[in-house]
Amino acid sequence: MDKRVQFDFENEFTNGGGLQGQDFRLDIDGDDISDEELAKYIVEDMRLLMVGEVRILNKKIINEKHKRIQTDESFDK
């Protein structure tokens, strides 16, 4: 079975405002991902600009088949 990470996140923008996600799930390679790598993945994959602090909360690794189809344009973890 493939590994995925389930987590909540809070993102602050440097020009004001923010973005939150709850029970967000992403495919991962390997058995774990650091909070720093996960924050970078969110920012780059969602193409967010002017990002300040990103907080990762309630992170857990789950066994679940990967959902995303890998392409040449996919984010390289």
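**Exercise 1. Work out in what order the three strands of the open sheet stand, and in which sense they pair.**

Solution. The three strands form an open sheet in the order β2-β1-β3, with antiparallel pairing; strands are DSSP runs of E with at least two residues, helices runs of H or I with at least four residues, both numbered from the N terminus, and two strands pair if DSSP finds at least two bridges between them. β2 and β3 stand at the edges with a single partner strand each, so one side of each is left without a neighbour in the sheet. Neighbouring strands are turned by 20 degrees against each other on average, direction ignored, where axes are lines fitted to C-alpha atoms, for helices over the stretch in contact, and angles run from 0 to 180 degrees between N-to-C directions. The model is predicted, so local features need pLDDT of at least 70 and side-chain atom pairs count only at pLDDT 80 or more, while totals for chains, interfaces and linings use all residues. Residues are numbered from 1 along each chain as its sequence is written, and side-chain values use heavy atoms, with hydrogens and water left out.

**Exercise 2. Trace the pairing of β1 with β2 and with β3.**

Solution. Nine bridges join β1 to the antiparallel β2, and K3 has I28 as its bridge partner in β2, while E12 has G18. The hairpin of these two strands has four residues between them, and there G16 takes a positive phi near 105 degrees. β1 and β3 also pair in the antiparallel sense, over nine bridges, with K3 standing opposite N63 in β3.

**Exercise 3. Determine which strands the buried residues of α1 pack against.**

Solution. In α1 (residues 35-45), L38, A39, Y41, I42 and V43 are buried, buried meaning under 20% relative accessible area, exposed over 50% and partly exposed in between (1.4 Å probe, protein chains only). These buried residues pack against β1 (3-13), β2 (18-28) and β3 (51-63), with contact meaning heavy atoms within 4.5 Å. The helix lies across β1, β2 and β3, running at about 110 degrees to β3.
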